[in-house]
Every structure is written in structure tokens, then in C-alpha cells.
Amino acid sequence: MSFPSGLLGTNHDNGSQGKLDSPTPNGWLKDSKVMPEALDDGEQQIIEAGEAKYHRLGWKGLTIMLIVEAIGLGALSIPSAFATLGMVAGVICCVGIGLIAIYTSYVIGQVKIAFPGVRHYGDAGGLLMGRLGNELFTAMLILQLIFLTGSNCLTGTIAFRHLSDNDNICSVVFSVVSAVILLLLSIPSSFADMAFLGYVDFVSIVAAIGITIIATGIKSNDSGLSTVDWSALPHGDPSFSDAFIAITNIVFAYTFASCLFSFMDEMHTPKDFTKSIWSLGILQIVIYTITGATIYSFVGQDVQSPALLSAGKIISKVAFGIALPVIFISGAICTIVAGRLIHGRIYEKSVTRYINTTKGWVTWLILITVLTIISWVIAEAIPFFDDLLSIASALFTSGFSFYLPPVMWYVLIRKGKWYSKENLLLSVVNFLIFIFGLIVLVGGLYSSIQDIRNNYRTGNVRGPFSCGSV
């Protein structure tokens with residue numbers, strides 16, 4: 001696997017590093033018409049307060065932020081993926097894809113350490129492909145975050161409708177309520193300010209999953225475990241689309257790599273990121289594998305997605321009630337990441353970017369409102385959980401978590417020839433991960449589109465912006 005040397009203005013075979021195309025921390029001041037020496041005392045204080053505000057995150061805080069982003073919706077789709085793939089393939093996919101995600105996130109962290117000025121994935125795209133890469137990767141990241149928030153909005157709609165148990169209330173009403181909650185939780189602009197909610201988020205999803213596992217286990221035991229129709233191999237003859245949607249839903253569960261640059265940019269000691277990567281990665285693998293295997297073995301082929309629906313009418317209400325924090329906190333984090341990226345670009349050469357002035361707060365509130373509305377529209381336009389997750393996985397997670405990190409390793413991190421003794425194994429590993437990412441991109445997108453067409457053809461889902469059940 002080789003890339004044109006012109007992708008980056010450096011020769012990494014000799015271990016040298018090139019000039020960073022994207023701004024370095026505080027580098028926006030150097031290019032600004034307002035140079036540091038020209039700032040008055042008030043502006044200088046705003047800058048100092050802003051820098052302090054956005055560099056308070058330690059490795060534990062980073063772990064919490066990654067947990068908020070990663071462990072949530074993904075866990076709720078895992079059991080249905082097991083039902084399609086079978087127990088053996090489900091476990092292999094959960095563990096295997098999880099290990100790949102840990103490695104690719106480590107590569108991303110290495111890029112951030114080597115190029116401190118990389119503030120988000122768009123800047124990494126600038127390193128690879130100049131201005132075009134910056135714009136392309138930035139657009140992809142913003143779209144992914146909007147889709148993620150839309151997924152949380154849709155899940156909130158499902159939760160509220162299930163909790164209300166009232167068919168007379170239009171589903172659009174619940175989706176609007178979900179969007180408003182997501183907007184209110186998106187108001188804080190600093191990840192450190194949101195970190196404390198991460199603990200609530202983590203306890204919420206673990207408790208909801210735990211209740212679902214216990215409830216389905218008791219229900220299965222009462223009816224007889226031997227009667228549950230789970231299987232080690234795929235049940236029946238799943239279509240290509242069904243199988244690939246199951247795989248992309250597992251891929252979706254490991255989406256934390258896309259925001260790693262943004263989170264690390266707020267760390268006071270970025271080199272500690274490896275502690276967070278391993279902590280989160282192992283935790284995800286354990287939670288996802290246990291969740292998928294146990295709920296599938298207790299419920300069998302009738303397991304629903306989100307998985308909380310499989311716990312029985314009363315218990316699922318309890319589980320959904322407990323899961324409400326994770327639904328909305330995770331979605332709000334995605335809006336904040338997208339908002340920070342856009343706001344920082346709009347006001348790159350102004351103190352307004354720090355969001356600690358009146359103008360900064362007004363523009364911030366307008367921006368996150370617009371982003372939330374767009375996410376709500378997507379949630380209403382694609383009102384089915386599995387396919388919305390699959391689309392997001394195929395279009396964006398396949399790149400940010402899988403086929404792009406190997407390219408960054410080859411172009412930005414690697415030292416020496418790819419076939420040298422010290423690089424050969426990693427070269428093969430990165431090439432295989434790159435191919436896997438491309439397969440997820442093409443196969444996942446095709447399968448999602450096919451499944452959406454089938455669902456509309458058979459009438460299995462409500463129409464967009466309608467009052468039907470979700």
C-alpha cells in the first residue's frame with residue numbers, strides 16, 4: 001500500500017516531520033489581524049480565561065468523555081446483531097472490532113502527540129490532503145455528529161412513547177421534546193464542564209443494561225431456558241443486507257475515535273491518552289459482549305432493538321426511564337463537538353471563539369439550536385433505529401475508526417520503509433484494517449439502503465414526520 005509523496009510535504013521514511021498545515025494551539029493569533037501585542041487588557045484576560053477553560057481535562061476526564069460518546073446507543077443494538085449473526089460470530093465481532101478500535105484510536109492519539117496543532121479530524125485531513133482534506137474530513141465529522149445526535153433523538157422518541165403507553169400522543173411531539181432536552185444539555189461548551197455528567201451517563205446505561213439482562217433472564221428461566229431459540233451459528237438464512245447491518249451496528253458501537261482529537265485538545269497532559277484508550281476499549285468489549293451474549297441467549301430470535309424493549313412491558317419502562325440520561329447526555333456531547341468545531345472556524349481570529357463573552361454565548365446558542373434542529377429532521381426522516389445506526393456507521397465510522405487511521409500511520413507516523421523489519425507486521429495489520437474499513441463503507445451503505453427500501457415497501461415503519469409508532 002503506497003500513497004503519493006505529495007500528500008504531505010515531508011519524507012517520513014527518514015523520520016522527519018513536516019510543517020503542520022492546520023493552526024497550532026494559539027496559532028490563530030499569529031495569523032490574526034489582531035496580534036498579541038496589539039490586544040488590550042480586556043481581550044488578553046478573555047484569552048487567558050478561555051485557554052484555562054479549555055485545557056482542564058485529565059486522562060480520567062477523557063475516559064469519561066469517551067464513555068459518554070461511545071457506550072450508549074451501541075450497546076442497545078448489540079443483542080439484535082447477535083440474533084442475526086449467531087452467538088459465535090457475534091462474540092468474535094464484538095471482541096475483534098473492539099481490539100481494532102483500540103489500535104486505531106492509539107494511532108489517532110499518536111498523530112495528536114506528533115502534531116499538537118491538530119484540534120479535530122478535519123485538521124488531520126489537512127495533514128494528509130491539504131485544504132481539500134481539511135474541508136472533506138471536517139464535513140464528514142460534522143455530518144457524523146449530526147447523525148449521532150439524530151440517533152439519540154430517535155431513541156428518546158422511542159423511550160418517551162414506550163413510557164407514556166399512550167397511542168393518542170403523536171410521535172412527533174415526543175421527538176420535539178427529545179430535541180429540546182438535547183438542546184438544553186448542549187449549552188455547556190467545555191468538555192470538562194460536561195465530564196461530571198459522564199458518571200451519570202455511565203451509571204445510567206450500566207443500570208439499564210443490567211436490569212434488562214436480569215429481567216430477560218428471569219423471564220427466560222420461568223418459561224424454560226431450553227425453549228429459547230438462540231443458536232451458535234446464524235439462524236435461518238439471513239440476507240446479505242441483514243448480516244451487514246448487524247456488523248455495522250457493532251461497528252457503530254465503537255465510534256469513539258472520531259471525537260478523540262477534539263477531546264485530547266482539551267487535555268492538560270495529552271500523553272496520558274493511552275490510559276483512557278485502554279480503559280474504555282476493554283470496558284466496551286466486556287460490556288458489549290456480555291450484553292449481546294446474555295440478552296440473546298435469554299430472548300433468542302425475538303430480541304428487539306433497542307434491546308431494552310425485550311425486557312417485558314413493565315420492566316422495559318423501568319429500563320427506559322433509567323436509560324434516559326445516557327440517551328440525552330450522549331447526544332448532547334455530539335452536538336457540542338460539532339458546535340465547537342464550527343464556532344471555532346467561524347471565529348478563528350476573534351476572542352469570540354472562547355464562548356466567554358456575550359457575543360460568544362449568543363452565537364453559540366444559535367449554532368447549537370440549528371444543529372439540533374437538523375438532527376431532529378434526520379431522526380424524523382429516517383425513523384428506524386437499526387438502519388439509522390447502520391447508515392452512520394457505513395458513511396462515517398468506517399472511515400474515522402477504521403480505514404483512515406491506517407493511512408495516517410503510513411503517512412504521518414511510520415518511520416522507515418514499510419517493508420523494513422520493524423514495520424512489516426504493522427504494515428500488514430494496517431493494510432488489513434484499511435480493507436476492512438472500505439468493506440464496511442461499501443457493504444454497509446448498500447445494505448442500509450436496501451433495508452430502508454424493504455421496510456417502506458412492506459410498511460414496517462411509519463412515514464417521516466407522522467404520528468405512527470416507532
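**Figure 1. Overall content of the predicted model, which holds 15 helices and zero strands.** The structure shown is a predicted model. Of the 470 residues of the protein, 57% count as buried. Among contacts with a separation of 6 or more, 85% are accounted for by residues 24 or more positions apart.

**Figure 2. Helix α6, residues 121-164, with its bend at Met 129.** Helix α6 has 44 residues, yet its end C-alpha atoms are only 40 Å apart. A straight helix would reach 64 Å at 1.5 Å a residue. A bend of about 150° is located at Met 129 of α6. The helix is mostly covered, with 33 of its 44 residues buried. Asp 165 follows α6 and has a positive phi, near 55°.

**Figure 3. Helix α8, residues 191-223, with a kink centred on Leu 197.** The 33 residues of α8 reach 47 Å from the first C-alpha to the last. This span is close to the 48 Å expected at 1.5 Å a residue. The kink in α8 amounts to about 35°.

**Figure 4. Packing of helix α12 (residues 313-346) against helix α13 (residues 358-381).** The two helices pack at an angle of about 125°, and their axes are 10 Å apart. On the α12 side, the contact is made by Thr 335, Ile 336, Ala 338, Gly 339, Arg 340, Ile 342 and His 343. On the α13 side, the contributing residues are Gly 360, Thr 363, Trp 364, Leu 367, Ile 368, Leu 371 and Thr 372. In an α-helix there are 3.6 residues a turn, so residues three or four places apart point the same way.

Figure 5. Which residues is Ala 379 in contact with, leaving aside its neighbours within four places in sequence? They are Gly 150, Cys 153 and Leu 154. Ile 146 lies 233 residues from Ala 379 along the chain, and the C-alpha atoms of these two residues are separated by 9.8 Å.

Terms used. Residues are numbered from 1 along each chain as its sequence is written. This is a predicted model: local features need pLDDT of at least 70, side-chain atom pairs count only at pLDDT 80 or more; totals for chains, interfaces and linings use all residues. Side-chain values use heavy atoms; hydrogens and water are left out. Helices (H or I, at least four residues) and strands (E, at least two) are DSSP runs, numbered from the N terminus. The expected span of a helix is 1.5 Å times one less than its number of residues. The bend at a residue is the angle between axes fitted to the seven residues ending there and the seven starting there. Buried means under 20% relative accessible area, exposed over 50%, partly exposed in between (1.4 Å probe, protein chains only). Axes are lines fitted to C-alpha atoms, for helices over the stretch in contact, and angles run from 0 to 180 degrees between N-to-C directions. Contact means heavy atoms within 4.5 Å.
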